[in-house]
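Subject: Structure for you to look at

Hi there,

Here is the structure I promised to pass on. Please open it alongside this message, and the notes below it will take you through what I found.

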Amino acid sequence: MDRIIQLSLSNRSLMAVLGVLLAVAGYRSYVQLPVDAFPDVSPNLVQVFTETEGLAPEDVEQYVTYPIEAVMTGLPNLERIRSVSNFGLSVVNIYFEDGTDIYFARQVVSERLQEVREQIPPGFGDPRLGPISTGMGLVLFYYLEDETGQYSLQELRSMQDWLVKFQLQTVPGVTEVLGIGGYEKQFQVAVHPELLLRAGVTISEVITSIQENNLNVGAQFIEKNAEEFVVRSVGLVANISDLENIVIKAKDGTPVFLRELADIQVGGAIRRGVQTRNGLEEVVAGMVVKLFGANSSTVIEQVEAKMAEINRILPSGVKLIPYYEQKTLVAACVATVTNALIQGIGLVVLVLIVFMGGVRASLVVALAIPFSVFFATLWMGYFGISANLMSLGGLAIAIGMLVDGTIVMVENVDRMLR
């Protein structure tokens, strides 16, 4: 210890430079720290979702959930597997040990999913990974407000799914945008059984004909006058008329069109639950999910800026209205702790001046507080600890302990000098 003190005293300029560099590095680390309201203590979790067409929970468990669970056993760093089988939905939660890189975990799960797809019967759903996020990832909720009243819930949901969602997903740090409420637009074919019997057509033939007549096909090119003309076969259904004119079969040389067997209309997909505003009216809403490890405040600010751009391109009278944003809670928590730090530093300086009787010695002790805070944030950045109510609150509580050692040393030096 004596040698360290002698070295420091004989190289004062070097120690000052090192101290300034440490403080600057700590400040830069503080600026770059992820800012959250509370520490994210979520486990390393990878979710696998499988949507099934109307299967009962027993069938979902037997044909979808169990094969996924069986294939996922034996993964590296695997801790446990939990699952839920609902009507039409399978959710498999795969937990990994603490410290496992989330992207490594998703990679090994994705590799096993290629194997399990072969075990799930055709038509029973396609398993896919959930978003790269945690339970603290829902950072902003919004809804679409139609001031004119001329747009239906189906049209508003189409705006949400095909315009707003894709625009918001371009924001750095956003991993998913979920739509809630309204009706997902569908072309619905209501088949009449008696007409099928009369025409001698099965429901399978109707489905196959619709699928085969709803695609575009490439036909290479035609060479003419030293030029190549690309040939396209356009068959994607764009409206009800296209569906009505699909030929299901030919009966004695006479085509049987889909319109002769079914009623075709535009409708909404089957849904479970609604989204309301103040319990009075139904609205179309969305949730922004941030990427795992992203800075909540930064993501929310960028999302709000993007929403302002989207409002300018939405149809007249339609705009996005945020009704929950985590930034308000984050700002309140950080402001509370920051004010406590500033007030604590001020009170400590005042008490030091009164009891030590010297401004110079008091300032030396007081400078130890911000230096210690910046030194702590440097290691917080190194270990990936976010700035939140718990971490910053711990620093605020520890102000008294931060100056204890400095007071003893500075007071002894001041006594010796006097």
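A search of the whole structure, which is a predicted model, turns up 11 salt bridges. One of them joins K319 to E147, with 3.0 Å between the closest N and O atoms. K319 sits in strand 16 (residues 318–325), while E147 belongs to the loop between strand 5 (138–146) and helix 5 (153–168), so this pair ties together parts that are 172 residues apart in sequence.

Another salt bridge to look at is the one between the side chains of K165 and E176, at 4.0 Å from N to O. Here the pair ties together parts that are 11 residues apart in sequence, because K165 lies in helix 5 and E176 in strand 6 (residues 174–180). K165 is partly exposed, with a relative accessible area of 22%. Is E176 buried or exposed? At 19% relative accessibility it counts as buried, since the cut-off for buried is under 20%.

Next, please turn to R277. Its salt bridge with E281 has the closest N and O atoms 2.0 Å apart. Both partners are partly exposed: E281 has a relative accessibility of 36%, and R277 has a relative accessible area of 23%. This pair also belongs to a network of salt bridges that links E145, R277 and E281.

Now to the helices. The axes of helix 2 (residues 12–32) and helix 11 (residues 359–383) come within 7 Å and cross at roughly 55°. Helix 2 and helix 11 are therefore oblique to each other, and the crossing of helix 2 past helix 11 is left-handed.

N77 has a phi near 65°, which is a positive value in a residue other than glycine. You will find N77 in the loop between helix 3 (57–72) and strand 2 (78–86), where it counts as partly exposed at 36% relative accessibility.

The other one is Q220, where phi is positive at about 60° although the residue is not a glycine. Where does Q220 lie? Its place is in strand 8 (residues 217–224). With a relative accessible area of 63%, Q220 is exposed.

- the salt bridge of K319 with E147;
- the salt bridge of K165 with E176;
- the network of E145, R277 and E281;
- the left-handed crossing of helix 2 and helix 11;
- the positive phi of N77 and that of Q220.

Best wishes

Technical notes: Residues are numbered from 1 along each chain as its sequence is written. This is a predicted model: local features need pLDDT of at least 70, side-chain atom pairs count only at pLDDT 80 or more; totals for chains, interfaces and linings use all residues. Side-chain values use heavy atoms; hydrogens and water are left out. Helices (H or I, at least four residues) and strands (E, at least two) are DSSP runs, numbered from the N terminus. Buried means under 20% relative accessible area, exposed over 50%, partly exposed in between (1.4 Å probe, protein chains only). Axes are lines fitted to C-alpha atoms, for helices over the stretch in contact, and angles run from 0 to 180 degrees between N-to-C directions. Angles under 35 degrees count as roughly parallel, over 145 as roughly antiparallel, 65 to 115 as roughly perpendicular and the rest as oblique. A crossing is left-handed if the near helix is turned anticlockwise from the far one by less than a right angle, and right-handed if clockwise.
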